[in-house]
Amino acid sequence: MKNLDIELIKFMFMLTVISLYFNVAISLYGVVAKANLVKKLIALTIFQDTVNMFTILVGYKLWRPGLLLQPPVLTDLSPTPETLREFVERSVDPLPQAFVLTAIVIGLAVTLFLTTIVVHVSYHFKTVNVDEIGRSKRVYIHEEAV
Amino acid sequence: MLRDLIFVSLLVVIILALTYLTYSGGLGDLPPQDIRFIAKNYLNLTYNQEISWLWAASPEAVTAIVWDYRGLDTLFETVVFYGAILAALTLFRSISKVPELVSSAGLSLVVKRITAIVTLAILTVAASTALHGHLTPGGGFQGGAIASVAPLLLLVVFGKQFFIDRKITYNKLLSIRNISLALLGFTSVALLVLGFLIGVESYIFQNQAKTISTLSYPTHLLDVPLGGSLFFFNLFEFLAVAGGFTLVFTILLSKDETLRRELEGEELGY
């Protein structure tokens with residue numbers, strides 16, 4: 001029974017990893033194939049979040065019978081060596097979480113900057129469709145040449 | 001159409017290849033039986049008073065890693081974030097000089113009263129997330145991000161006149177952000193400065209005393225763990241993020257004509 005539990009957990013974990021691959025593929029498709037800049041931006045944020053999710057998942061560890069997994073937060077404020085040993089045994093990996101915090105902040109900075117640029121582009125060209133923007137630019141260059 | 005088809009099939013092939021790699025153990029044992037050796041070290045040292053020359057004085061391991069063990073990295077990451085905010089603000093810089101961006105008187109009285117109560121709750125949760133960042137999951141950035149929802153709500157529900165009546169101006173928000181950033185920088189070098197003044201060896205980003213340096217930030221305040229410098233970092237980051245986000249929201253929620261005026265002056269627009 002216990003082995004079955006662990007096999008089930010491994011299967012669910014694999015399913016999560018593969019669904020994240022699908023998410024990456026769909027968001028990459030959005031970034032490359034969609035002509036609308038806002039849709040590109042939304043796809044990019046989905047891509048960022050998926051990668052972050054994947055990083056956190058890497059820090060997770062296998063649940064085993066008798067092991068109570070917990071976040072890397074020590075709840076006992078005057079810990080004995082035994083409490084600490086138990087804490088180290090039960091906690092998930094804190095490093096990916098710390099990296100993801102950094103990634104979220106940088107991702108937010110990029111999103112903020114891109115949003116501002118999209119706002120500017122929409123005011124300049126009255127559209128956020130890259131194909132239309134390209135076309136209007138070509139018309140302008142043609143007029144210049146004539 | 002054909003291009004789309006090729007692209008989709010390429011993605012499907014990539015997914016299948018990655019899935020095969022993962023399934024056949026390309027990423028190692030998933031999920032791993034145990035955490036990595038380095039993670040064990042961090043977990044063991046973060047709040048281990050018996051090895052006090054290596055501890056970060058914070059029961060929350062993620063905050064300890066973010067602001068102490070790799071604090072310089074986080075400081076520069078903060079700089080990148082404010083660079084982006086600054087860039088966004090610079091693109092619309094003259095809006096700050098438009099004294100009046102208002103026309104809306106806000107939504108109905110019912111919405112306003114409910115929002116007032118919710119805003120208080122949001123600010124309380126934000127402050128708790130930021131100030132307990134070294135004790136529970138959370139931290140300055142998360143707290144700041146939560147707090148910035150409150151002014152966004154107020155802007156939408158009460159209208160911008162509400163901010164102007166209470167003299168919450170662009171310059172004041174900018175000052176909050178800048179002062180918090182300066183204090184953030186100061187916290188990272190405070191012990192270094194103190195060390196210079198009293199002639200003791202110390203480091204940038206020093207939190208607790210090391211074997212060759214005896215200076216420390218306080219670990220406890222009235223019997224509650226303070227997390228050394230982590231509490232101050234969280235507090236200043238909270239203020240700076242909340243101030244910076246509010247600034248950006250104020251700008252991006254300006255009237256269309258005000259924003260468009262920024263772009264006038266160029267004949268063709270690009």
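Modeller: In this predicted model, Arg90(A) forms a salt bridge with Glu86(A), their closest N and O atoms being 3.2 Å apart. A salt bridge here is a side-chain nitrogen of Lys or Arg within 4 Å of a carboxyl oxygen of Asp or Glu. Because Arg90(A) and Glu86(A) are 4 residues apart in helix α3 of chain A, about one helical turn separates them. Helices are DSSP runs (H or I, at least four residues), numbered from the N terminus.

Residues are numbered from 1 along each chain as its sequence is written, and chains are lettered from A and ligands numbered from 1 in the order in which they are written. Local features need pLDDT of at least 70, side-chain atom pairs count only at pLDDT 80 or more, totals for chains, interfaces and linings use all residues, and side-chain values use heavy atoms, with hydrogens and water left out.

The whole structure holds 4 salt bridges over all chains. Between chain A and chain B the count is 1: the side chains of Asp93(A) and Arg36(B) meet at 2.8 Å, N to O. Across this interface, 10 residue pairs are in polar contact, both residues at pLDDT 80 or more; such a contact is a pair of N or O atoms within 3.5 Å, where, within protein, one must be able to donate a hydrogen and the other to accept it, and residues adjacent in sequence count only if both atoms are side-chain atoms. On the side of chain A that touches chain B, the elements giving two or more residues are α1 (2–33), α2 (37–59), α3 (81–90), α4 (94–125) and α5 (130–145) of chain A. The largest share, 19 residues, comes from α4(A).

The contact (heavy atoms within 4.5 Å) takes 53 residues from chain A and 59 residues from chain B. About 5,500 Å² is buried between chain A and chain B, with carbon and sulfur atoms giving 76%; buried area is the accessible area (1.4 Å probe) that two parts lose on being put together, summed over both. Tyr21(A), Leu112(A) and Tyr123(A) supply 12% of the area that chain A buries against chain B, more than any other three residues.
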